[in-house]
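User: I am new to reading protein models, and I would like to go through this one step by step. Could you take my questions in turn and show how each answer is reached?

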Amino acid sequence: MKLKNNRLDGILPWVLPVALIIFWQLASTNEWITSRLFPAPTVIVQTGYELLVSGILLHHLGISTYRAIVGLMIGGGLGFILGLLNGLSPLASKLLDSTIQMIRNVPHLALIPLIIIWLGIGETAKLFLVSLGVFFPIYVNTYHGIRTVDRGLIEMGKVYGLNSWELFKKIILPGALPSIFVGLRYALGLMWLTLIVAETIASDSGIGYMAMNAREFMQTDVIILSITIYALLGKLADVLAKIIEEITLKWHPSYAKKK
Amino acid sequence: MEQGGSGLHVQNISKRFGTVQVLEELELSVNQGEFISIVGRSGCGKSTFLRLLAGLDEPTSGEIVLNNKKMQGINPEIRVMFQESRLLPWLTVVENVAIGLNSNRSLTPADRTKQAAEMLDKVGLKGRENEWPHVLSGGQKQRVSLARALISRPQLLLLDEPLGALDAFTRLEMHQLIYNLWEEQQFTAFLVTHDVSEAISLADRLLLLENGNVALDQEITLKRPRKRDDRLVSELEKQVIDRVMKVH
Ligand SMILES: Nc1ncnc2c1ncn2[C@@H]1O[C@H](COP(=O)(O)OP(=O)(O)O)[C@@H](O)[C@H]1O
Ligand SMILES: [Mg+2]
């Protein structure tokens, strides 16, 4: 009984998506809907295969991934460092935090026209936008994480003679980590979002460009393929972050192994 | 008062926070190995006093002398236990205990782990070395905290209501444990508690803190081990409670 229920639980969530895809396939091949506007799933898979074999897909995928990772490194790295600095030093926080909070209120995508004028549509512009997008969630959550580490634990560390570096390494950083991960996962979402917009509007390569370029030739199959790839990349990044989180925070009650 | 001699000498300590005078010219001498209980109304400055002894805070005036040496700042000979166990959630139980050996830089990591495991055995937690703190009960966490405090064999152990959050049975067990370890290691102990019978059953001397000073300094010569229902214990308990309630 129990086993059967478990199997059913595993299958149930997939029923609706699979049914939708089958319906879509039928609707498109039987021309209930215009297949030019809604190409059948099999056609999209076929297109994906052709683009893969020709190397075009990997080319664009590689460039997009590169932008995502480099942007995340730069923006996330800066956010992390500034978050640490302001979290640890009241002086730095007084000096910098209010300014950063002010800039945070500007939606970074609103800067696109300005950035195209300043930096053109080259790599720098895209990296800049992605960096800007991921900077704030990581900064805010690192800062918050450090500031909210249990003072009692820090005091305990002092009683036991931990020096500043040990206090940071053994108490402050691990204490801030759950919050930093919240920032990271939020940043990953913003990373792809920013990249989609930047590549769609101002680019000559990448998945976003591939979609935009396909629009010119009414290749709806390529457009849908691009959207699907973005969704998969987003999911992949989230899963990776979750795995790292589970390994790093294995001490945390919410990650405790349920037996 | 004599300046020297082994033991702990609190000389004319005052502590003020802004305009609030918490401790006022407090004088106290304690022999090495004595067990002192401190009681007093909430807010009378018990925690403040312990924080001064621990070196976590500085007196406004006066000084504290431990074995002929004026105390300044954190001292590896002094350990503190708080009401919360203050274990690091991201370290295992045995790693938490090993923190107590932090000041001893000559030990290898393997030595630390070994000693920490032995200490855990002493507080009755053998076999729990590699668990995370969050799976332990409140009493077990305080055992780990006690093991961490005593693993380096400090001269002075400060206990700030360490059993305040535990149930009655667990407290009795902890009394026994603290008493046994005190007998074995012979550290000087300061136990702040709001439970007068706890204060009496453990201490050589009971101090009542009031208006920034020691209002009562009662030696307790009852034979050990002391029973809660001992007539002498309950008589003394009544006396102390009456004395606390007299003022105000
Ligand atoms: N860091 C501080 N700043 C200002 N006032 C404090 C501080 N610490 C304690 N006090 C005050 O000192 C008094 C004694 O506090 P405390 O020592 O914690 O009392 P208790 O005997 O309950 O442990 C209280 O009135 C408290 O408000
Ligand atoms: Mg207190």
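User: In the hairpin of S9(B) and S10(B), which residue takes a positive phi?

Analyst: This is a predicted model, so every value here is computed from predicted coordinates. The hairpin joins S9(B) and S10(B) with two residues between the strands. Most residues other than glycine have a negative phi. Against that background, the hairpin residue with a positive phi, near 50°, is Asn211(B).

User: How many bridges join S9(B) to strand S10 of chain B, and which residue is the bridge partner of Leu209(B) in S10(B)?

Analyst: S9(B) and strand S10, which covers residues 213-219 of chain B, run antiparallel and are joined by six bridges. Within this pairing, the partner of Leu209(B) in S10(B) is Val214(B).

User: Strand S3 of chain B also pairs with S9(B); in which sense do they pair, and which residue of S9(B) is the bridge partner of Ile38(B)?

Analyst: Strand S3, residues 35-39 of chain B, pairs with S9(B) over four bridges, and the sense is parallel. Looking at one bridge in particular, Ile38(B) has as its partner in S9(B) the residue Leu207(B).

User: Why is strand S9 of chain B described as largely enclosed by the rest of the structure?

Analyst: From S9(B), the residues Arg205(B), Leu207(B) and Leu209(B) point one way, while Leu206(B), Leu208(B) and Glu210(B) point the other way, and all are buried. A residue counts as buried when its relative accessible area is under 20%. Strand S9, residues 205-210 of chain B, is largely enclosed because the number of its six residues that are buried is six.

User: What is the strand order of the open sheet of six strands in chain B, and which are its edge strands?

Analyst: The pairing in this open sheet is mixed, and its order is S6-S7-S8-S3-S9-S10 in chain B. Neighbouring strands of the sheet are turned against each other by 20° on average, with direction ignored. Two of its strands pair on one side only, and these edge strands are S6 and S10 of chain B.

User: Over how many bridges does S7(B) pair with strand S8 of chain B, and which residue in S8(B) does Leu158(B) stand opposite?

Analyst: S7(B) and strand S8, residues 188-192 of chain B, pair in the parallel sense over five bridges. Leu158(B) belongs to this picture too, and the residue opposite in S8(B) is Phe190(B).

User: What angle do the axes of helix H4 and helix H5 of chain B make where they cross, and how do the residues of their contact divide?

Analyst: The axes of helix H4, residues 138-150, and helix H5, residues 168-185, of chain B come within 11 Å and cross at roughly 10°. That angle makes H4(B) roughly parallel to H5(B), and the crossing is right-handed. The contact includes Leu146(B) and Leu150(B) of H4(B) and Leu177(B) and Leu181(B) of H5(B). Its residues divide into six nonpolar, four polar and two charged.

User: Where is Gln186(B), and does it count as buried or exposed?

Analyst: Gln186(B) lies in the loop between H5 and S8 of chain B, and although it is not a glycine, its phi is positive at about 55°. Because its relative accessibility is 54%, Gln186(B) counts as exposed.

User: Where is Met218(A), and what does it count as at 39% relative accessibility?

Analyst: Met218(A) also has a positive phi, of about 55°, although it is not a glycine. Its place is in the loop between helix H9 (207-216) and helix H10 (220-248) of chain A. Because its relative accessibility is 39%, Met218(A) counts as partly exposed.

How values were computed. Residues are numbered from 1 along each chain as its sequence is written. Chains are lettered from A and ligands numbered from 1 in the order in which they are written. This is a predicted model: local features need pLDDT of at least 70, side-chain atom pairs count only at pLDDT 80 or more; totals for chains, interfaces and linings use all residues. Side-chain values use heavy atoms; hydrogens and water are left out. Buried means under 20% relative accessible area, exposed over 50%, partly exposed in between (1.4 Å probe, protein chains only). Two strands pair if DSSP finds at least two bridges between them. Axes are lines fitted to C-alpha atoms, for helices over the stretch in contact, and angles run from 0 to 180 degrees between N-to-C directions. Angles under 35 degrees count as roughly parallel, over 145 as roughly antiparallel, 65 to 115 as roughly perpendicular and the rest as oblique. A crossing is left-handed if the near helix is turned anticlockwise from the far one by less than a right angle, and right-handed if clockwise. Contact means heavy atoms within 4.5 Å. Ala, Val, Leu, Ile, Met, Phe, Trp, Tyr, Cys and Pro count as nonpolar, Asp, Glu, Lys and Arg as charged, and the others, Gly among them, as polar.
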